[in-house]
Amino acid sequence: MSATKALDLLVEQTKEVLEKAAIVLANSRKNEQQAREHLKLLESYRADYAKERQRLMRIGMSPMTFNHYRGFLDMLDAGIFQATQTLKQQVETVDKNQTNWRDQHVKLNSFETLIERRARSAQVIANRVEQRQSDEMSAQMRLRQGSRNDSFTPGF
């Protein structure tokens, strides 16, 4: 396999890996957003229930009702803690996937740059060969013209 074909194969493989990395990154961002929304929802519920408990405490509530509110708020606090941990994990996953996608992008750019450099180098070599051939043809034509001029003698 020639070096150019090997490089082309690497480019194709890297493009596939880059595409997969982009999909994984998009999914992890979606999961992160869902985790954020879930946490926000739990915090909103907690704030509403805490506010309602305060309102009921001002007007008077039974100890049993107070315990129910406290128990529910404790469950919400545990849920908020878990949702916060999940969000942290999702943020780390997004960062890791972003880094992977960026690394694959850099790798692809490197391979494409190598291909471009090889193509330019081949073009420079081809141009030199063409120039050399042109120079040789010109030199041969001058030699022929010079030999024709030398062999031509007017007949006096």
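**Exercise 1.** Which residue forms a salt bridge with Lys15, and how far apart are the closest N and O atoms?

*Solution.* Keep in mind that we're working with a predicted model. Start from the side chain of Lys15: its salt-bridge partner is Glu12, and the closest N and O atoms are 4.0 Å apart. Next, look at where the two sit. Lys15 and Glu12 are three residues apart in helix α1, so about one helical turn separates them.

**Exercise 2.** Work out how Arg36 and Glu32 are paired, and decide whether each is buried, partly exposed or exposed.

*Solution.* First, the pairing: the two side chains meet in a salt bridge, with 2.7 Å from N to O. Second, the spacing: Arg36 and Glu32 are four residues apart in helix α1, so they're separated by about one helical turn. Third, the accessibility. Buried means under 20% and exposed means over 50%. Glu32 comes in at 12%, so Glu32 counts as buried. Arg36 has 38%, so Arg36 lands in the partly exposed class. As background, side chains of opposite charge can pair when their charged atoms come close.

**Exercise 3.** Describe the salt bridge of Arg55, then say how many salt bridges the structure holds.

*Solution.* Go to Arg55 and find its partner: Glu52, at 2.7 Å from N to O. Both residues lie in helix α1, three residues apart, which is about one turn of the helix. Now the surface check: Arg55 is partly exposed at 38%, and Glu52 is partly exposed at 26%. As for the count, the structure holds four salt bridges; the Arg55–Glu52 pair is one of them.

**Exercise 4.** Is Ser28 buried or exposed, and what is Ser28 in contact with beyond its sequence neighbours?

*Solution.* Locate Ser28 first: it belongs to helix α1, which covers residues 3-59. Then read off the relative accessible area, 4%; that's under the 20% cut-off, so Ser28 is buried. Last, set aside the neighbours within four places in sequence, and the contacts of Ser28 are Gln90, Thr93, Val94 and Asn97.

Conventions: Residues are numbered from 1 along each chain as its sequence is written. This is a predicted model: local features need pLDDT of at least 70, side-chain atom pairs count only at pLDDT 80 or more; totals for chains, interfaces and linings use all residues. Side-chain values use heavy atoms; hydrogens and water are left out. Helices (H or I, at least four residues) and strands (E, at least two) are DSSP runs, numbered from the N terminus. Buried means under 20% relative accessible area, exposed over 50%, partly exposed in between (1.4 Å probe, protein chains only). Contact means heavy atoms within 4.5 Å.
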